[in-house]
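Visitor: Could you take me in for a close look at one part of this model, a single turn of the chain, and then show me how the rest is laid out around it? I'd like it plain and in one go.

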Amino acid sequence: MRRLMEQLYPICRSITGLGVRRTLAIIREQLPLVIHEVPSGTQVLDWVVPKEWNIHDAYVANARGERIIDFRKHNLHVMSYSRPIRAQLSLSDLRAHLFTLPEQPDLIPYKTSYYGEQWGFCLSERQLRSMGEGRYEVVIDASLVDGALTYGELLLPGAEADEILISTHICHPSLANDNLSGIAATMALAKRLNARAQRRHSIRFLFVPGTIGPITWLARNQDTIACIKHGLVIAGIGDPGALTYKSSRRGDAKIDRAAAHVLAHWHRPGKTLEFEPLGYDERQYCSPGFNLPVGRISRTPYASYPEYHTSADNLDFVSLEQVEDCLAAIEATIDILEQDAHYSNLSPYGEPQLGKRGLYSDISGHPDRRRQETNLLWTLNYCDGRHSIFEIAEKARRPFAELSAAARKLEAAGLLQKLR
Ligand code: ZN
C-alpha cells in the first residue's frame, strides 16, 4: 500500500483525463480491472459526462521570467479543470484568480472548477505576500475538449449473485489521505478477497471519479443495482482519527449493523454516524431513488481536519498503520456478511454436557476460559434455527468472530447443525 501511494502521489488526477487513466493502469498491474471509457456529452441520470481535462504545464512568471508559481513543483498550484490561458496580467488583475488559505499561510489549497469554465492558481498566503506589483506572465497549457470519463471496475464472482459493492474515488491530485489512502486500501482489500478460496457474495469494486463517477456507473448499470445487498465507500482512512462509520440512508441495513458491531468491539473505540446527504460517493448510492444499503468508512470526517484539501495532506500525514487497521475492520465487517449462518441446536432440552464432548478440556487451560465457555452457552442457546450467529452476537454483545468460532466448534462436536 505504501508503494502504491508513493507511485500515485505525484500524478495530477482530476475527474477525467490522463491522470485517472495512469492511476487505473497502475492499479491494473496488480488487479484485473476492467477500464470503462464513457464519452463526453453522454447523458447520465441528471448529469452529462463533462469534457476531458488534461494539463501539460502551468506557471505564473515574474518580469524576470522566473516561474514563481509552478505546476511542476506541485500540481495543487493549478485549480483543477482550469481552462487554458496565456496572458500578461497586472497583479491586481491576476489577484482574482489566485487562491490562498490566509489562516494556514504555509499551505497550498486544493481547488476545483469542474463545471464552470474558469481558471486559477492556488498558492500559499506567504507566497502571495511576496509577490510585488508589476506584470506577470500567466500560462495554463491545458486542454478541455471532448474525450471520455474513465473508471475502473472489478467483479469477484461468489457463490451467490448477491453483491457487496466497494467504491472509492480516484479524482484527487497530490493529496494522500483524501484520496490515496482509500485507493490503496481498496486495492489491498480486492487482492485479499480475490485470494479467498470461496466467497458467498459476489464483490464488485469501483474505482471512480467522485460524484460524476458513481452517477455514471449507476446510470449504466440499472440491471445490476438490484443485486447490491451491501456496500461500502472507503475514503480518508489514514489520518490519526478514530474509525468512523457513516450509516446508509436506510440506517438499519445489515452493513450498518455489521460495521457498528465491529467498531463496538474494536481494540480502539470507533464512532458511528447517522446518514446525511453530504460527504463522498455514498450521496449518490444513497440518493432516494436508489437508496442502496451503502455506508462509508473513514477516520476523521472530511473537511474537519486542518490538512484536508491542502498541501499538508501529503504522504507524511498518512499512517500506514492506520490504513492497515481500517482495512482489518473492513475485512471483519465483510466477514460478518460472508460468514453469518443459521444453525440448529441438536440437543436443545437442557444444556448439553460440554465436558463429556471434550469442549471443556479443549478450553480449560485457556486464559479466556470463562469467556469461551460463555460464548458456547450463548451460541447453543440461541441456535434455534431462527437467530443467525450475527443476531446472537448482537444480542450477547460479543464479537461475531468469537461466536462464529464457537458455532464451528459445536458443529464439530455434533451439537449444532448448519441450516443455511
Ligand atoms: Zn476531497
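Guide: Let's start at the hairpin of S4 and S5: five residues sit between the two strands, and among them Gly65 takes a positive phi near 80 degrees. Before going on, some ground rules. This is a predicted model, in which local features need pLDDT of at least 70 and side-chain atom pairs count only at pLDDT 80 or more, while totals for chains, interfaces and linings use all residues. Residues are numbered from 1 along each chain as its sequence is written, and side-chain values use heavy atoms, with hydrogens and water left out. Strands (E, at least two residues) and helices (H or I, at least four) are DSSP runs, numbered from the N terminus.

S4 and S5 (residues 67-70) run antiparallel and are joined by three bridges; strands count as paired if DSSP finds at least two bridges between them. S4 also pairs in the antiparallel sense with S9 (residues 135-145), this time over nine bridges. Tyr59 shows up in both pairings: it stands opposite Asp70 in S5, and its bridge partner in S9 is Val139. Nine of the ten residues of S4 (residues 52-61) are buried, so this strand is largely enclosed by the rest of the structure. Buried here means under 20% relative accessible area, exposed means over 50%, and partly exposed is in between (1.4 Å probe, protein chains only).

Follow the chain past S5 and you reach His74, in the loop between S5 and strand S6 (85-90). His74 is buried, at 16% relative accessible area. Setting aside neighbours within four places in sequence, His74 is in contact (heavy atoms within 4.5 Å) with Tyr9, Ile108, Ser174 and Ser311. Ser174 is 100 residues away along the chain from His74, yet their C-alpha atoms are separated by 7.7 Å.

On to the metal. The zinc ion is coordinated by His172 (NE2), Asp178 (OD) and His309 (NE2), at 2.0 to 2.1 Å. Donors are N, O and S atoms within 2.8 Å of the metal (3.2 Å for Na, K and Ca), and water is not among the atoms, so sites may look incomplete. In sequence, the zinc donors follow the spacing H-x5-D-x130-H. His172 itself is buried, with a relative accessible area of 6%.

Cys227 is in no disulfide either, with the nearest cysteine sulfur, in Cys286, 18 Å away. Searching the whole structure turns up zero disulfides (pairs of cysteine sulfur atoms within 2.5 Å).

Beyond four places in sequence, Phe205 touches residues including Gly152, Ile166, Leu189 and Leu193.

Leu45 lies in the loop between strands S2 (43-44) and S3 (47-48), while Thr211 is in the loop between strand S12 (202-208) and helix H6 (212-220). Leu45 is partly exposed at 36%, and Thr211 is partly exposed at 22%.

Stepping back, the chain has 14 helices and 19 strands, and 55% of its 420 residues count as buried.
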